[in-house]
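Colleague: Hi! I'm new to this one, could you walk me through it?
Modeller: Happy to, here it is.

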Amino acid sequence: MASGEFAERDGSEALFISKGVADRSIVNPNVSTVLAAKRLRKEASVDELLSGILSGNRVALAQGITLVESNLPEHQNKARELIQKCLPHSGNSLRIGITGSPGAGKSSFIEAFGVYLIKEHRKKIAVLAIDPTSQRTKGSILGDKTRMNMLSANQDAFIRPSPSGSSLGGVAQKTRESILLCEAAGYSIILIETVGVGQSETAVHSMADFFLLLMLAGAGDELQGIKRGIMEMCDGMAITKCDGENITKAMSARSEYQSALHLFPATSYNWMPKVIATSSVTNEGLPEVWQMISEYENVVKQNGWFSQNRKEQQKNWMENRIRDSVISNFYNHPAVQKELPVLENAVLEGKESPFAAAEQLLKIYFEKLGGGQRGFLEDISTI
């Protein structure tokens, strides 16, 4: 046998080539089917998404919310159509906003409370968890599904973490639309978790039926809660981590907060907020929290506040949408995009005041639109 050659196995040579199995292509023969399936999922029509959402399909619901959160113009058009078609099927849930300072145990409470409602009251729970977006990297961890592993594995629960983006107060801009889709999917309880910093309390209060404030005993927040005015907005309070060595502190804080709530003027809808000590470990206080929320719902539905509040929220949502659209249109206008870097540099170099630069940009914008009225410029500057 010549050097460099290999004989096939015939028993006479030490080196041989085994025919073995035929070489297989590295390309999946089903790749066209797989890609087609992916394209089908990505390009689902509005009617297909609507059908899936109304049937309670969690994948379709997640895709619908992704569509709503997209900033692509073609997606926004489909999202508006989807929301409009879901609107007649929405409004039948109880929207509960949950906020509290970082470390108060919001995620732990939501998981324990959600599992309790599913197990004991056969509720379908949707959790819209808002994670803070890094202002440096523009990224979010979105780790609530990891933290709520028991709840996320339950078929009667849907957890959707969303980045807060640049929205004020740490509430995702599309949270309101996501609520409507979750309601159309048949979820009877919508839990809205906020970042718990800045003005998130005000933001979540404007989209919830019941506003629950979580406080941690012994963290020095007793006076801060009163100073920030957050206690004036809450419909109920829960002192978290009432277990182990912290029980005494939690019960003491409960009494202090309940006394403080009596100092505030009575609400126009005839409801006095209650304070309940809870534990996500032992489930202490969870039945009492649900009883408080149920009592609140009965009271405000009987006196008409529930429907009045929902109508006010609808009006606020419309106004917020107008504001967001005007701002988006302003920054995307070609004339503004052309002049914005120039005026930004002028402001940075101290050659132009921020107020004068803003006035110039607004003047350019409205003149290009054919307006330019001075009064309207003054009004729009407050947005």
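This is a predicted model: local features need pLDDT of at least 70, side-chain atom pairs count only at pLDDT 80 or more; totals for chains, interfaces and linings use all residues.

Colleague: How many helices and strands does the protein have?
Modeller: There are 17 helices and nine strands. Helices (H or I, at least four residues) and strands (E, at least two) are DSSP runs, numbered from the N terminus.

Colleague: And what share of the residues is buried?
Modeller: Of the 383 residues, 42% are buried. Buried means under 20% relative accessible area, exposed over 50%, and partly exposed in between, with a 1.4 Å probe and protein chains only.

Colleague: Which residues have the most contacts inside the largest nonpolar core?
Modeller: Those are Leu 82, Cys 182, Met 231 and Met 237, in a core of 47 residues. A nonpolar core here is a set of buried Ala, Val, Leu, Ile, Met, Phe, Trp, Tyr and Cys residues joined through side-chain atoms within 4.5 Å. There is also a second, separate core of 35 residues, which includes Phe 113, Ile 189, Ile 276 and Leu 286.

Colleague: What does Cys 182 touch, leaving aside its neighbours within four places in sequence?
Modeller: Its contacts (heavy atoms within 4.5 Å) include Leu 61, Ala 126, Phe 158 and Tyr 187.

Colleague: How do H4 and H8 pack?
Modeller: Their axes are 9 Å apart, at an angle of about 50°. Axes are lines fitted to C-alpha atoms, for helices over the stretch in contact, and angles run from 0 to 180 degrees between N-to-C directions. That angle makes H4 oblique to H8. Angles under 35 degrees count as roughly parallel, over 145 as roughly antiparallel, 65 to 115 as roughly perpendicular and the rest as oblique. Leu 82, Ile 83 and Cys 86 of H4 meet Glu 177, Leu 180, Leu 181 and Ala 184 of H8.

Colleague: What about H3 and H4, at what angle do they cross?
Modeller: The axes of H3 (residues 58–69) and H4 (residues 73–86) cross at roughly 125° and come within 8 Å. So H3 is oblique to H4. On the H3 side, Gly 64, Leu 67 and Val 68 take part, and the H4 residues they meet include His 75, Leu 82 and Ile 83.

Colleague: Changing topic, where does Pro 334 lie?
Modeller: Pro 334 lies in H15 (residues 334–348). Pro 334 counts as exposed because its relative accessibility is 58%. The C-alpha atoms of Pro 334 and Lys 368 are separated by 9.7 Å, with the two residues 34 apart along the chain.

Colleague: How do H15 and H16 cross?
Modeller: Their axes come within 10 Å and cross at roughly 170°, which means H15 is roughly antiparallel to H16 (residues 354–368). Among the residues that meet are Leu 340 and Leu 343 in H15, and Leu 361 and Lys 368 in H16.

Notes. Residues are numbered from 1 along each chain as its sequence is written. Side-chain values use heavy atoms; hydrogens and water are left out.
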